[in-house]
Amino acid sequence: MDRIGDISLFLRVLDLGSISAAARSLDLSVAVASQRLKRLERELGVRLLHRTTRQLHATPEGAALAEQGRALVEDLEALTTGLRQAGTDVAGTLRVTTSASFGRLYISPLLPEFMARHPRIKLSINLNDQRLDLVSSGFDLAIRIGALDDSSLVARKLADNRRVLCASPEYLRKHGTPRTPQELVDHQCVLLVGSAGRQDVWRMSDRDGREIAVRVGGRIESNYGEVILDAVVAGLGIAMHSAWHACEDLRAGRLQVVLPDYPIATTGIYAVMPQRRLVPPRVRAFVDFFAEAFGGDPPWERCAS
């Protein structure tokens, strides 16, 4: 346990940039912290830190210890915390990031119930359409929508992400209703610009399950889903929307589905976590809660139907 404590001290030094800052954060004297770091270097037989009068850097051996040791320290902390809290409410600060629109529409309304179930949790929730790096940004988990491409993360599917093409009745009266995917090239299409660039190739399936890819264009594009939704409701074009985003406008008749016989491949809505052998109880509680809330028959599908 002394060695784990010394490794934890070493990681704190790297995070805070100095031995004195790390010592203060752990309520230690600088002399004791320095002695413990020297003891760790002596036991491992390598130098872990380059020290100068103004700066402190990890050696290559120190960097390797930080990379592999951090997971060990986190696992041990999660294990001991879980054992101490066995049979009690989960606790601690939970940091979550999710897309702005989905977070506002479906995460935020359920937070009072979640917080009532777990009164010892403190929640910090970030609404952001950018895909932030969970580890470097210090988040416990993210709610992400669409295809996942980061294999270093652990994901649990919360619900399907069904997508449709839709337009306002006014737009379709003025410009006609496309009957085939190929006719979309003659229409104004409102495009999402995401982390992978402009999403101007729309992929659908025909009645035989064969994929049809059509490159579309238009006068409006945005990285923010609300702008796209507002533009389409205002009659400025056709857009590809997730059912969870467009369901209220579809239900109210402000939008209608275009090309319903040519379905778009369904993706997923996921809870994504850093790669860990032990998931902290506060994270598990949040994921379980929303898996229950969205599983089976999500609220947006009930709205759309």
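The model is predicted, so local features need pLDDT of at least 70 and side-chain atom pairs count only at pLDDT 80 or more, while totals for chains, interfaces and linings use all residues. Residues are numbered from 1 along each chain as its sequence is written, and side-chain values use heavy atoms, with hydrogens and water left out.

Helices (H or I, at least four residues) and strands (E, at least two) are DSSP runs, numbered from the N terminus. Strands of a sheet pair through backbone hydrogen bonds, either parallel or antiparallel. Here two strands pair if DSSP finds at least two bridges between them.

Axes are lines fitted to C-alpha atoms, for helices over the stretch in contact, and angles run from 0 to 180 degrees between N-to-C directions. H5 (residues 100-107) also meets helix H10 (residues 243-252): their axes come within 10 Å and cross at roughly 65°. Ser 101, Phe 102, Leu 105 and Tyr 106 of H5 make this contact with Trp 244, His 245 and Cys 247 of H10, where contact means heavy atoms within 4.5 Å. The residues of the contact of H5 with H10 divide into 5 nonpolar, 2 polar and no charged. In this count Ala, Val, Leu, Ile, Met, Phe, Trp, Tyr, Cys and Pro are nonpolar, Asp, Glu, Lys and Arg are charged, and the others, Gly among them, are polar.

Asp 249 also lies in helix H10. Asp 249 is buried, with a relative accessible area of 11%; buried means under 20% relative accessible area, exposed over 50%, and partly exposed in between (1.4 Å probe, protein chains only). Not counting residues up to four places away in sequence, Asp 249 touches Leu 229, Val 233, Arg 254 and Leu 255.

A further open sheet has 3 strands in the order S9-S8-S12, again with mixed pairing. Strands S9 (197-198) and S12 (221-222) stand at the edges with a single partner strand each, so one side of each is left without a neighbour in the sheet. Strand S8 (residues 191-194) runs parallel to S12, joined by 2 bridges, and Leu 191 stands opposite Glu 221 in S12.

S10 and S11 run antiparallel and are joined by 5 bridges. Trp 202 has Val 214 in S11 as its bridge partner. Their hairpin has 5 residues between the strands, and in it Gly 209 takes a positive phi near 85°. Ile 212 and Val 214 form the covered face of strand S11 (residues 211-215), whereas Glu 211, Ala 213 and Arg 215 form the uncovered one.

The largest pocket is lined by 43 residues, and Arg 131, Ile 145, Leu 192, Gly 194 and Gln 199 lie nearest its centre. The elements that give two or more residues to this lining include S8, S9 and H10.

Technical notes: On a 1 Å grid over the protein atoms alone, a cavity is a set of points where a 1.4 Å probe fits but cannot get out, and a pocket is an open set with protein on both sides within 12 Å along at least five of seven lines; lining residues have an atom within 4 Å of a point.
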